[in-house]
Amino acid sequence: MSDRMTAPTGPVLVLGTTSSGKLRELRRIIEPLGIVCRALADMPGAADVDETGATFAANAALKAAAQARACGAWVLAEDSGLCVAALGGAPGIRAARCAGEPRDDDANNRLLLERLADATDRTAHYACHAALASPDGAIVATSHGECHGVITAAPAGTGGFGYDPLFVVREYHRTFGTLPGTVKDLISHRARAIRAISGDLLRHLRPAASSPPPTGR
């Protein structure tokens with residue numbers, strides 16, 4: 001059943017991303033909380049927001065506030081990317097488009113491997129900053145999460161998106177590209193950021209869920 005056919009029973013949460021990969025992951029992580037999610041593409045009036053912030057946190061807040069005002073709805077936005085030690089933290093906030101426009105994951109991966117060809121330190125981490133905005137555009141909660149690993153010498157796996165085929169997760173010694181989505185949803189930077197903000201999501205979007213149970217004798 002499509003989102004458009006689902007009749008929400010309470011406030012809905014708009015996932016403020018145009019990335020299909022991020023949208024899939026956010027849905028898998030958030031919807032089990034009992035929160036009704038909507039894609040940005042399904043919202044009349046959704047705006048194109050320029051990511052002009054200098055940090056992940058600034059971009060997440062910028063997107064959440066602007067989209068909330070444009071849609072008149074609760075919006076969760078996030079900004080995330082890959083930070084590589086040997087590159088001084090690059091590609092960072094430019095991770096999705098470091099090889100240029102239009103966004104091309106394969107081109108980004110090739111460029112990263114070229115830049116690391118002579119590197120002895122291949123440590124890296126994924127970072128994610130999330131921001132929740134109320135319908136008037138006020139930021140009511142923020143969070144962040146990281147996942148640490150190393151960049152492998154060649155892609156492995158077809159799962160995930162972005163740099164996942166190159167990112168070897170420290171806990172599993174395998175790339176995100178080879179791990180099931182259910183595993184990624186437990187340990188990824190995005191999963192950790194959403195878990196950190198989940199209490200705020202429940203409080204604002206499922207008010208009854210955060211009320212204390214009645215006491216009795």
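Ground rules, for my own record. I am reading a predicted model, in which local features need pLDDT of at least 70 and side-chain atom pairs count only at pLDDT 80 or more, while totals for chains, interfaces and linings use all residues. Residues are numbered from 1 along each chain as its sequence is written, and side-chain values use heavy atoms, with hydrogens and water left out.

Cysteines. I searched for disulfides, taking a disulfide as a pair of cysteine sulfur atoms within 2.5 Å, and the count came to 0. Cys 128 is in no disulfide, and the cysteine sulfur nearest to its own, that of Cys 83, is 11 Å away. For Cys 147 the closest cysteine sulfur is in Cys 128, at 11 Å, which is too far for a bond. Cys 147 is also buried, with a relative accessible area of 0%.

Sheet. I took helices (H or I, at least four residues) and strands (E, at least two) as DSSP runs numbered from the N terminus, and counted two strands as paired if DSSP finds at least two bridges between them. On that basis 7 strands form an open sheet with mixed pairing, in the order E2-E1-E3-E4-E5-E6-E7. Strand E2 (36-39) and strand E7 (174-175) stand at the edges with a single partner strand each, so one side of each has no neighbour in the sheet. Strand E3 (residues 74-84) runs antiparallel to strand E4 (residues 123-133), and 10 bridges join them; Cys 128 in E4 is the bridge partner of Ser 80. Helix H2 (residues 56-71) packs on this sheet and touches E3, E4 and strand E5 (139-151), contact meaning heavy atoms within 4.5 Å. The direction of H2 makes about 155° with that of E3, the axes being lines fitted to C-alpha atoms, for helices over the stretch in contact, and the angles running from 0 to 180 degrees between N-to-C directions.

Backbone. I then checked the loop between E3 and helix H3 (105-115), where Pro 91 is found and where Pro 102 also lies. The bond joining Ala 90 and Pro 91 is a cis peptide bond with omega of about 0°, and the one from Glu 101 to Pro 102 is cis with omega near -10°.

Last entry. His 173, in the loop between strand E6 (167-169) and E7, has a positive phi near 55° although the residue is not glycine, and His 173 counts as exposed at 66% relative accessibility.

Key. Buried means under 20% relative accessible area, exposed over 50%, partly exposed in between (1.4 Å probe, protein chains only).
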